[in-house]
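Welcome! Take a moment to look over the sequence and the structure, and then we can walk through a few features together.

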Amino acid sequence: MNDRMLRLYPAGYRSAYGEEIVDVHREMTADMPRAARLRADADLAAHALRVRLGLDSASRGGRFFAVAAPFTLAATAVSNGLVLTRWYAGLVTSPAPAWTQLSHTDLPVALHLMFSLSVCVGAIVALTGRWVLGVAAAVCGLLGTAVQGVLDAPLAQGGGMTSAVTLLAVAVVLACPVDRRPGKGLSGAAAAVAGIGWFPVVVADTGAFGVTTDYGVWPMLVLAVAGATLALRRQSSGAREIGAVAVASTPLAVAALAGAGPDLWPLIGMLLVLSLSAALGTCAIAARRRR
């Protein structure tokens, strides 16, 4: 370990813990092969950057992103799951044979579906316990979608805006501190949000669901309720949980905006109602906590 790597830490943190970091790192890497030593150096550099950016597990930012990351994965799984299920619905309802349709699928469309599948599978794997593997698959799919949003705007609905919020989702997921990765409880809640947000919309497309899902607001409503419920269970002020699900909702909000067409006022009204409800919920939780 060299001094240049230690200087990645802020000066105050370095003066308080610098010697301890050097001693522990030297002892840990003493008998490691070169490849493992390089990996340990990379982990240390990443931790130093997290501390400098205020994203370590002890900071407010780190705790915020620890909550936001699993719900962001859930939101991206919902939006990409809808891409896959709507494509499949078109495939099976078309009078043309399925094999004929598949054989004539354009390469950009096939890549778009593969990226969506990668996001969905990655989210499922991450939220069922294999966080690193799942996040890697989901991030690959999200980055592919972001590139397509720039190169082929009509294919990735929303174009450049979709690319921007997709990159935001990647940043939120990767900002989750290593030692604050979601446990079974938080992962289970995020997985439930994904299922409840996705399934009724698919059923509604067949006319079998009694609640309207027009303008794509239903999954965001599910996320808002999940944030309020999580805050109540934790008996916190609600600001962190509501803020986390608000950040997680951005891919769904952009998909709703892209699908709304020229008539945006109903969607804007619904989003304002959701935002007002979240603010009132936070105030109610804060008032309840003071009692």
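This is a predicted model: local features need pLDDT of at least 70, side-chain atom pairs count only at pLDDT 80 or more; totals for chains, interfaces and linings use all residues.

## A helix pair and the core

The axes of H6 and H7 cross at roughly 155° and come within 7 Å of each other; axes are lines fitted to C-alpha atoms over the stretch in contact, with angles from 0 to 180 degrees between N-to-C directions. H6 is therefore roughly antiparallel to H7, a label for angles over 145 degrees.

Residues are numbered from 1 along each chain as its sequence is written, and side-chain values use heavy atoms, leaving out hydrogens and water.

Which residues touch the most other members of the largest nonpolar core? They are Phe71, Leu73, Trp131 and Val135, in a core of 33 residues. Such a core joins buried Ala, Val, Leu, Ile, Met, Phe, Trp, Tyr and Cys residues through side-chain atoms within 4.5 Å. H4 gives the most to this core, with ten residues; helices are DSSP runs (H or I) of at least four residues, numbered from the N terminus. Leaving aside residues up to four places away in sequence, Val135 touches Leu73, Gly122, Ala126, Val173 and Leu174.

| Residue | Relative accessibility | Class |
|---|---|---|
| Cys120 | 12% | buried |
| Cys140 | 52% | exposed |

The structure holds zero disulfides (pairs of cysteine sulfur atoms within 2.5 Å).

Note on methods
Buried means under 20% relative accessible area, exposed over 50%, partly exposed in between (1.4 Å probe, protein chains only). Helices (H or I, at least four residues) and strands (E, at least two) are DSSP runs, numbered from the N terminus. Contact means heavy atoms within 4.5 Å. Angles under 35 degrees count as roughly parallel, over 145 as roughly antiparallel, 65 to 115 as roughly perpendicular and the rest as oblique.
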